[in-house]
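Trainee: Can you take me through this one? I have it open.
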Amino acid sequence: MWCMSASIPSPAMENGKTTEQHQAQESCSFLQESSHEECPSFWAQGQPPVILISLDGFRAEYLSRFALENTEHRGEFAAATIRCLAERGVSSPYMMPSYPTITFPNHYAIVTGLYPESHGIIGNHIYTDGTDPKWWQNGEPVWTTVRRQGKISATYFWPGSDVKFTEEEQRSPNYFFRYNKTTSFRQRVDQVLEWMDLPADKRPALTTLYFEEPDSTGHKAGPNTANVTEKVTIVDRQIRRLIDGLIARNIANCVNLIIVSDHGMADSPPGKQLVDLEKYVPDIQQSTLTFLGPVTSIRPLNETQEEEDRIGEALSCKDPHMRVFNKWELPYRMHSVRSRRIPNLMLDMDLGWRAVIKKEAWSGGGAHGWDNVYLDMQAIFVAHGPSFKNQEVVRPFENIQLYNLICHLVNVTPAENNGTWGALHHLLIDPPTLLVDTDQEFPDMPPILRKLVDTREETHKPSACAYVNHQETGKTSPAMEIEMKMTEERENELFIAHAPLGIPLVFPTEPSQSNVSNDPNHVLLVNEDYLTGFDVELGIPLWTAYTISGNATNNINDGYWIEDPRLDQNHTGSCQRLSNIVRRNEVAYTHLFPKEFATQKVDAWLDTNLLEVPSGISHFVETMTDLLAEASISRGPLNVISGPTRHRPASIFYVVTACKVDGTVGEWNHTTCPAEYRDLQAFLLPIGRWKYQSACTSDRNFIAYNVASLKDVEQVTGFQFFPDLPMEDKLSLLSRTTLGSALVLDPKRY
Ligand SMILES: [Zn+2]
């Protein structure tokens, strides 16, 4: 199985070039054949035009493969032009597509900055119940954004660009063509060049260009065939024709070119790697509306819970290459829950495997649609032009980030979208200064610090009701007194040790509480082993933060939950909570800061560290603790911020950071560990068993499956992590994909 390294070294950047690589580099000189001086007179309103090109189904790996593999034409590289643009401009080892990895949802994600669940185009075919708005009504494609702000947009095809609108709606691009796949690639390129010849007030600020290849041939022949090589050569030559046309106009370096694909392609030969659903649900054809293939959705005609469970249970744990989910159980990272167009039953197939009913008519060799963490599903990103850096290889990012970037390049204000403003500014030579939105202005200090519980002045003793025996439900322990005293100096030391990048900024859950800097319900508790952000109104911990340094885990199993003496009992409600726990068998109580990492018994068993979870899932938390211990042994000091979320479905989040610099043992912080060395992996583990798949899923697979981006965790919790980091550092963390780290577990699927 092919496997891509985290960063593909560009041949131009390696020592000991082969002759072929040298030739490839030499041949890139055509990109210098036009002079920059001409640009300002060409630009309209000082803005270089953007040409956005999509090569459908161009898998990320093709670019490295075809840069090194000769075609039948000796000395020529199938992707020679794209390669040159990548080497001279900005490229990424891959761009992460949205889930499902299919054409329409991803093309629309690129031009709207919205995940498919938000823009609503969740498939190439969509079921609607008639009450749904028309499919194109969610989200604003960039050609509309451009046009509505008084600039010109043009599309020579792009999925979604040729919907019929009235002129008053101003939703269509200024210039566009009804999709016709028989239009030659040559004609499309010629038209784009003609648009560049228009006078400045008529010339498009944004132009899109779309090629169906190498997708069509990838489907027919499979991704690892000479047929695909040939099509890559064909689209590459068209891009060369486009550049030659720009050179002839002396504007080759005056235009910002962005070349992307929507998704990759995987081997999926006919008659192989199939799961016949009828084998498990004999009446599936009559009783459901089912879309088959790499991404399969099942909508029972009888939309009752019983019917859904009948089918879900019949399919669960039957075939090791197939998993059946209620859509609410799909990992948050897939962003595939919130559209009502997505049926409740979804099948997750292994790469290359397809669900079928009886036989299939399929005769092709390649397909796509699978989970977007498969490397074969990754797309390409190459950008070249006056606004982009030179010879820069950037960290992979999600395709929903492109919309904001394009809006910036053509100087229009983006519509609301799922991307992060500024996330791709590091691709630019001259990025704009990031001004903090005044609505979101950070308070001087995180609000949770406003009521720092003072443990310094007096001795705190717990009240009589607070001891509950953990081992024997219902039995109370003998009374015992604890003292919690700490000097201010020690408190500061611990704060830095357990939150090297700062603690989360927590906003009140009630939107009416606009005065965020004075939320009286949030308190910070500083312990020797960890910090806790605690909500005294809700009586629950908001988060815990701790640093572990490869310690062998401690065995502090025998213990008693202890009322945190620093809080008013009326606030924590601990007596009531603890007695509830004792009575309810379906609830387990676990330690938010894992007791295995405790050096102080009292710390681990404070009731402010108590998290109630359904009894069936506490083992996930234990496995996560094991994984954190393993990672801290192999990777050095880890910082962990973790806590419960209250969105549906409720989850426990983990944000784990480390420093990749070798020999960094001991404490590190954002000044001793440069941003590019910071490793970050996050998880959103649903509290609740998977309805159909629990019996055949290991804890580790469950955890790996529920990897999340930092942005996902911020969205779910409403917290802002690492608020004290410089903006650029924060953006670098926020724009990382779920594939960007294997700190705790490798999230890649093969
Ligand atoms: Zn496609």
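**Confidence, cores and one serine**

Mentor: Mean pLDDT over the chain is 81, with 77% of the residues at 70 or more; pLDDT is the predictor's confidence in each residue, from 0 to 100. This is a predicted model, where local features need pLDDT of at least 70, side-chain atom pairs count only at pLDDT 80 or more, and totals for chains, interfaces and linings use all residues. Residues are numbered from 1 along each chain as its sequence is written.

Trainee: Where does pLDDT stay under 50?

Mentor: Residues 70-75 are one such stretch, and the model gives them 5 contacts beyond four places in sequence. A contact means C-beta atoms, placed from the backbone, within 7 Å. Residues 510-518 are also below 50, with 11 contacts beyond near neighbours in sequence.

Trainee: OK, cores. How many residues in the largest nonpolar core?

Mentor: The count is 112, and V50, I53, L206, I259, I380, I406 and V410 have the most contacts inside it. Helix α10, residues 226-248, supplies the largest share, 7 residues. Such a core joins buried Ala, Val, Leu, Ile, Met, Phe, Trp, Tyr and Cys through C-beta atoms within 7 Å; buried means 20 or more other C-beta atoms within 10 Å, exposed 12 or fewer, partly exposed in between. Helices are DSSP runs of H or I, at least four residues.

Trainee: What does I259 contact?

Mentor: Beyond four places in sequence, I53, L55, I82, L85, I380 and V382. A separate core has 68 residues, including Y530 and F653.

Trainee: Switching to S41, buried or exposed?

Mentor: Exposed, because S41 has 9 C-beta neighbours inside 10 Å. S41 sits in helix α2, residues 39-42. Its C-alpha is 10.0 Å from that of C254, 213 residues away in sequence.

Key: Helix = DSSP H or I, 4+ residues; strand = E, 2+ residues; numbered from the N terminus. Contact = placed C-beta atoms within 7 Å.
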